[in-house]
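I opened the file today to look up a few local features. My notes follow in the order I took them.

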Amino acid sequence: MKRDRYPALAARARSWLRQALPALLLCASVAHAVSAPLEAEFAAGLKEEGLAGAVWSEVLPDGTVRTGAAGLRDAAKHMPMQADTRMQVGSVGKVALALGVLRLVSEDRLTLDTPLQQVLPELALKNPWQASDPVRIRHLLAHTSGLDNVRIWQAFSLHPAPETPLAAAFDGDRNLLRVRARPGSRYAYSNMGYGLLGMVIEKVTGQPYERYLDAQLLQPLGMADSTFTFVTQAGAQRDPRLAMGHFEHGVAQPAVPQYLRPAAQFTTTAADMAKLAQFLMGEGKLQGKRFIDLALMGALSEPAGTDAAQAGLTTGHGLALAVRDRHNVVGACHPGTAVGFRAMLCLYPEQNSAFFVAFNTDAERADYERFNRLLLRDLELPLRAPAPRGTPAPTVENWQGVYVPSPSPMASMAWVDAVFGFTRLKWDGESLFLIPFQGEPKELEPVGGLLFRASDRSTPSHVLMQEDGKHVLSDGLRSYERASMLRMLVLWGSLALGMAGLLYVLVVGVWRAALRSLGRGDHLFAPLLSLLALLLPLPFFYFQSYLRLGDATIASVLLALATGALPLATAFGLARCWRSRGTAAEAGSWAKWDWIALLAALQLLLVLAWWGLLPLRLWHL
């Protein structure tokens, strides 16, 4: 019986294939016709931008998911990228981690208003507003805690291992967790905040956050190809399906463990991200049962509570995503950067559409936005008409002036942001002009009151506010405070005088050395040697991996010593000028200029020391 059965089944199968093959070929040709142009445009774009490869997925209004791939998963081995290749997506993983926290809230194991120090009382949190406005869980999720973003040693170090305790990212520095703005008032992106959320998950669940999220979030969502656990391209944690990360010119870079891994450690596929996108656009149910409370789902991308939101601005960051207004399409998005990777997730709930794209190259000069435009076009999302002009408030002209970031993206770079990151605000009677020191000017059209719209946006993009007597400009994701012109003139003048003084030391000192008149007793001898010593770390930095930038290496130690010695050597040269003031006539007119140059240089060096930039120590003690 069995011998006769199998030939009959085979014959039936051949008959079915003969009947179905034309239809199958037709379907395949149709699918190819839909995907081939997009894949061809991606392939051409990757080549033009110098990127190795990319994967993407699209969620269509009818629930259909399309995935694609182009380029190479490993440039050195010429391995082609495939749609199911696993990618590391950096901060896009924050969206999934936020869902894990909201799952705990939905289970009543946590609340959005729970103070952080109630869960983690051991933290050395410095919050001047603690009595009235403690840092709460919702502030960490929405990046409104007022905490700093990241320190160099937290982001670039080869010291952490995959199992390094999360608390190691916050040890030793008493000012590390200093709150710089009233919690809840302003958006300020904080990787530290999400590192703390990982600790919150561990404290509440009693297990590593990776294990909890993999089992209690990713598994129920059906994201079997995703993980929060560290994986890399080589070694004990090797994943053969993981694409190799690259930098410019195809330089390969395997993944390494991080201190703040809850903020950026997530490995996934295009298909899994489509599943995540579909859940994010739903009502928070899985198999008909409530998984995330509906109210929490509605707050995923809705900015709430910030001063900008209360002033009427709808752009900003919710509990997991930020409202993104690009190319006349408004959605909820989150970008991500990892070692050798870039990624973007965007949702358009009104159209029940979404896209995800990830690249295994992190190139500073590449135009990643062109690929977002391709996916938006392919989704055929309706374009939104720009908001019409409105009547501005009669007091708009009062906001004119110079503005500086507040708070600065990184606390350690506050002086740099103030001196080089400022922007001017000018009102011409019809439009507001945003004129940054670095970057292209923007024309902001009034849409009513103190709300304005940039010419490349379709919805209000900026708002003017007055807080505690201070004039503030915000776009929902950045806030700027107006600085007094006197303060800015002092900062700019200090920089100009200081640089002129240091240039004098360098040029005149080298000239004297060339004439063999630069003796050890010369006013410029010690300052010139100290200035030239700044060159010593450069070859060591050139030959070491940038991933060791925050470690105590020969390069970073030499940099700290050289930058620490410079103000001391300058003060020593100035002291020599003072001691030799009685013999100034013998020294000629140069003594006066030496005195002026060294004094100008020293004042700048003292300002940099006051702002925490000297000595420049990159590693963590």
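Is Trp415 buried or exposed? I looked this up before anything else, keeping in mind that the model is predicted. Trp415 has a relative accessibility of 7%. The cut-off for buried is under 20%, so Trp415 counts as buried.

**Aromatic rings**

I searched the whole structure for aromatic pairs and got 18. I then took up the pair of Trp415 and Phe420. Their ring centres are 6.2 Å apart, and their planes stand at 85°. The pair is edge-to-face because that angle is over 60 degrees. Phe420 is partly exposed, at 30% relative accessible area.

Next I looked for a cluster of rings. I noted one made of Phe42, Trp56, Phe359, Tyr368 and Phe371.

**Charges over rings**

Phe371 came up again here. The charged end of Arg370 sits over the ring of Phe371, and the distance to the ring centre is 5.8 Å. I also logged Arg617, which lies over the face of Trp619. That distance to the ring centre is 6.0 Å.

**Gln265**

Where is Gln265 found? I located Gln265 in the loop that runs between helix 8 (261–264) and strand 7 (267–268). Gln265 counts as buried, with 7% relative accessibility. I then asked what its side chain meets. A polar atom of the Gln265 side chain lies 2.8 Å from the backbone oxygen of Phe228. I listed the contacts of Gln265 as well, leaving out residues up to four places away in sequence. Gln265 touches Tyr209, Glu210, Phe228, Thr229, Phe230 and Gln258.

In what order do the 7 strands of the open sheet lie? I read the order as 3-2-1-13-12-11-10, with antiparallel pairing. Strand 3 (79–80) and strand 10 (322–326) stand at the edges. Each has a single partner strand, so one side of each is left without a neighbour in the sheet.

Strand 12 (residues 341–348) and strand 13 (residues 353–359) run antiparallel and are joined by 7 bridges. As an example I picked Met344, whose bridge partner in strand 13 is Val357.

My last entry is helix 9 (residues 270–280), which packs on the sheet. Helix 9 touches strand 1 (53–59), strand 2 (65–74), strand 12 and strand 13. The direction of helix 9 makes about 35° with that of strand 1.

Methods
Residues are numbered from 1 along each chain as its sequence is written. This is a predicted model: local features need pLDDT of at least 70, side-chain atom pairs count only at pLDDT 80 or more; totals for chains, interfaces and linings use all residues. Side-chain values use heavy atoms; hydrogens and water are left out. Rings of Phe, Tyr and Trp (its six-membered ring) pair if their centres lie within 6.5 Å; planes under 30 degrees apart count as stacked, over 60 as edge-to-face and the rest as tilted. Buried means under 20% relative accessible area, exposed over 50%, partly exposed in between (1.4 Å probe, protein chains only). A charge sits over a ring if NZ of Lys or CZ of Arg is within 6 Å of the ring centre and within 35 degrees of the ring normal. Helices (H or I, at least four residues) and strands (E, at least two) are DSSP runs, numbered from the N terminus. A polar contact is a pair of N or O atoms within 3.5 Å; within protein, one must be able to donate a hydrogen and the other to accept it, and residues adjacent in sequence count only if both atoms are side-chain atoms. Contact means heavy atoms within 4.5 Å. Two strands pair if DSSP finds at least two bridges between them. Axes are lines fitted to C-alpha atoms, for helices over the stretch in contact, and angles run from 0 to 180 degrees between N-to-C directions.
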